[in-house]
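Hello,

Here is the structure for your files. My notes on it follow below.

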Amino acid sequence: MTNKKTSAMVVAAIGSIPLIMTLGNSMLIPILPKMQSELKLSSFQTSLTITAFSAVAAISIPILGYLSDRFSRKAVIIPSLMLYGLGGILAGFAAAIFSNAYIWIIVGRTLQGIGASGTAPIAMALTGDLFKGSEESRVLGLVEASNGFGKVLSPILGSLVALIVWYGVFFAFPAVVLVSIILTWIFIKEKKKKKEAPKFGQYVKGLLSVFKQEGKWLLTAYLAGATCLFTLFGILFYLSDTLEKTYRIDGVIKGLVLAIPLLVMCSTSYITGSKIGENQKLMKKLIILGFIFVTISYGSLTFFKNIVPFISVLVISSVGTGLILPCINSFITGAVGKERRGFVTSLYGSVRFLGVAVGPPVFGWLISWSRMGMFLSIAGFTFLVGVLALFLIRVKDNEQEQTGKNERGKRGKKEKNRTILEPVGGR
């Protein structure tokens, strides 16, 4: 009973880490108009509060991924969470006290971006370290669901905090981070490394060999994950703008409407992660099915303008995204051994961040060209990525893999017996 309780708390600790990263951008979205008017900023200056966070995180993620492989996951995660909280405190006090608040808000957001880079991607690597087989897939599904839950919660929470004071959101970050730090510190116990970590040169050579052997399907998996985040944040940007300008829906109500497709994605991610186990054939089928759903949804959205049918059709793409992401996560965490997992999952996190960063401006540019053109272009792109996934993502045969494990086990036993039976004399 104690073991189950401990395991549940470990999962809760891991699940809290990606939640922090998700809150970083989404909670700010409802307060951006108020911040722009209060600080007398241009639209471009306001958008930099999102861009600074995402761009710095994308650059920092691979570096912190290497450090997590070199030292330990906790040694990177806990300081990253602390830095994230400190960045929020700096931005909040700057907005409340300083006359030239904007530059300090950008500095705070930059610190938060560095902190965020040591959260969700390292949590994926940590999951691969602590859990195996179907349990790993289940926990990865929970990690993705936590990520999705953060996206659901963020606009609502940001809108509610902004009712008190607009910059209160910045102070909400350290409060949430503190919970994650405590859970991680107490409940996550990493095994001590038996071997000394490889030097940087050896590490890079090992990574190059990984990408030489696994590059085609691994890069395709990266693209698939980034595409999901690109389309998700792009459509949320479009939907947020449309709700406000066309339907005059704002504040908490707007946050609730935006939460609908995110809640569907979150639920689908959790169910998918709990069902896929180690079955890579099933994972690949679900990835392809997910891209079919996303393509059909975006191809159909051009025909719907009323809010209820639009959200109903958009939900189909949320189901597709919820099918794709947990499967991609499982493929990537299992791509390499523990000693390089941090870098490979971090690079994946970096690519996902880039997807988040480019989604809103690309959708904004496309809608200025043509609404129909935007949806059909995105549908064509997701179809292409789905085709690449079909042909390039490689699946291991479960039966062959198990046979290989059994044979390796038998060989190990024979070697052990041979060692025991060898005469001791003659040294």
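**Contacts and aromatic rings**

R371 touches Y238, L301, T302, F304, K305 and F310, leaving aside residues up to four places away in sequence; contact means heavy atoms within 4.5 Å. The model is predicted, so local features need pLDDT of at least 70 and side-chain atom pairs count only at pLDDT 80 or more, while totals for chains, interfaces and linings use all residues. Residues are numbered from 1 along each chain as its sequence is written, and side-chain values use heavy atoms, with hydrogens and water left out.

R371 lies in helix 14 (residues 371-392); helices are DSSP runs of H or I of at least four residues, numbered from the N terminus. With a relative accessible area of 19%, R371 is buried (under 20%; exposed is over 50% and partly exposed in between, for a 1.4 Å probe and protein chains only).

The whole structure has 12 aromatic pairs, where rings of Phe, Tyr and Trp (its six-membered ring) pair if their centres lie within 6.5 Å. F230 and F381 form an edge-to-face pair, 6.0 Å centre to centre with 85 degrees between the planes (edge-to-face is over 60 degrees, stacked under 30, tilted the rest). This pair links distant parts of the chain, F230 in helix 9 (residues 200-245) and F381 in helix 14, 151 residues apart. F230 is buried at 10% relative accessibility, whereas F381 is partly exposed at 30%.

F53, Y84 and F173 form one aromatic cluster.

The charged end of K74 sits over the ring of W185, 6.0 Å from its centre (NZ of Lys or CZ of Arg within 6 Å of the ring centre and within 35 degrees of the ring normal). R70 lies over the face of F71, 5.7 Å from the ring centre.

Regards

How values were computed:
Helices (H or I, at least four residues) and strands (E, at least two) are DSSP runs, numbered from the N terminus.
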